[in-house]
Amino acid sequence: MLSRSAIDRVVTAALEEDAPWGDLTSETLIPENAVARAELVARVEGVFSGAAVFAAAFTLTDPSTSVVQRVADGERFAPGDTLAVVTGPARAVLTAERIGLNFVQRMSGIATLTARYVAEVAHTGARIVDTRKTTPGLRAIERQAVRDGGGHNHRFSLSDAVMAKDNHLAVLTAQGLSVTQALESAIARLPHTTHVEVEVDRLEQIDAVLAAGVGTIMLDNFSLDDLRTGVARIAGAAQVEASGGVTLETVRAIAETGVDVISVGALTHSASALDLGLDIRIETA
């Protein structure tokens, strides 16, 4: 799950980028004793994500700020719904406004798009997962948004699992070993808890990879007919992942081929920020 330290690290960096020497406008125009009440309001329908990140933008700016969530992560909302209420020193609320909105709009956009993919395959056993095609430095929060939308996460980083692609196999087999021998030799050097996945882009590659005893075989950019053939050939001996150019228009048919996992880079690299607004009322003594 998204840790407190990860949230603080990302939000602090964003606040420092946006106001490195303070908020000159708010400090010049807004009385020091002014208090603000701000409502996070949906302009469109969607799936909410980013409650803790949104709140952190305000509390890290001024710990006396209060943020009350009206909608939980993973919940659907309609246009006009109030999603959260922020109360605190007006200068702090105005300083944190854009960063808080940027995060919650981005995360809710990812969650909403993910939910659409999940709905398309709900009648099958396929799992929708993200990829490493995330915004540098924001992977932890973007992957939380995928989970809030009902999706699942692939490996978090290069350190989490072995995933051999065509270039890796080319280097291995250049040593004079067959694909099966090369993979077996590599697997023998790993801890027994390490998951191994291998990407193939042709049906004729499957048998050699399968013989090495890998945990997952990724069928990359396969046609629907070849996906069905691949699933039948693997026959439960490994998890089957489909990848490559998956869209909302194609994901249902891909899921119906019987694959176990469908990885979708678009969940994070192509999600649009949702239209959420912060309606602020400022009171002075």
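Predicted model: local features only at pLDDT ≥ 70, side-chain atom pairs only at ≥ 80, totals over all residues.
User: What makes helix α3 mostly covered?
Analyst: Buried means under 20% relative accessible area. Seven of the nine residues in α3 (51-59) are buried, so the helix counts as mostly covered.

User: Why is α3 called roughly antiparallel to α4?
Analyst: The two axes cross at roughly 165° and come within 8 Å, α4 being residues 90-120. Angles over 145 degrees count as roughly antiparallel, so α3 is roughly antiparallel to α4. The crossing is right-handed.

User: Which residues make the contact between α3 and α4?
Analyst: From α3 come Val53, Phe54, Ala57 and Phe58. From α4 come Val93, Ala96, Glu97, Ile99, Gly100, Leu101, Phe103, Val104 and Met107.

User: How do the residues of that contact divide into nonpolar, polar and charged?
Analyst: There are 11 nonpolar residues, one polar and one charged.

User: Why are β6 and β7 called edge strands?
Analyst: The open sheet has the order β6-β11-β10-β9-β8-β7, with parallel pairing. Both β6 (127-129) and β7 (162-164) pair on one side only. From one strand to the next, the twist averages 25°.

User: How do you know that β10 and β11 pair?
Analyst: Pairing needs at least two bridges. Two bridges join β10 (239-243) to β11 (261-263), so the strands pair, and they run parallel. Ala242 stands opposite Ile262 in β11.

Technical notes. Residues numbered from 1 in each chain as written. Heavy atoms only, no water. Buried < 20%, exposed > 50% of the residue type's maximum accessible area, 1.4 Å probe, protein only. Helix = DSSP H or I, 4+ residues; strand = E, 2+ residues; numbered from the N terminus. Axes fitted to C-alpha atoms, helices over the stretch in contact; angles between N-to-C directions. Parallel < 35°, antiparallel > 145°, perpendicular 65-115°, else oblique. Left-handed = near helix turned anticlockwise from the far one by under 90°. Contact = heavy atoms within 4.5 Å. Nonpolar A, V, L, I, M, F, W, Y, C, P; charged D, E, K, R; others polar.
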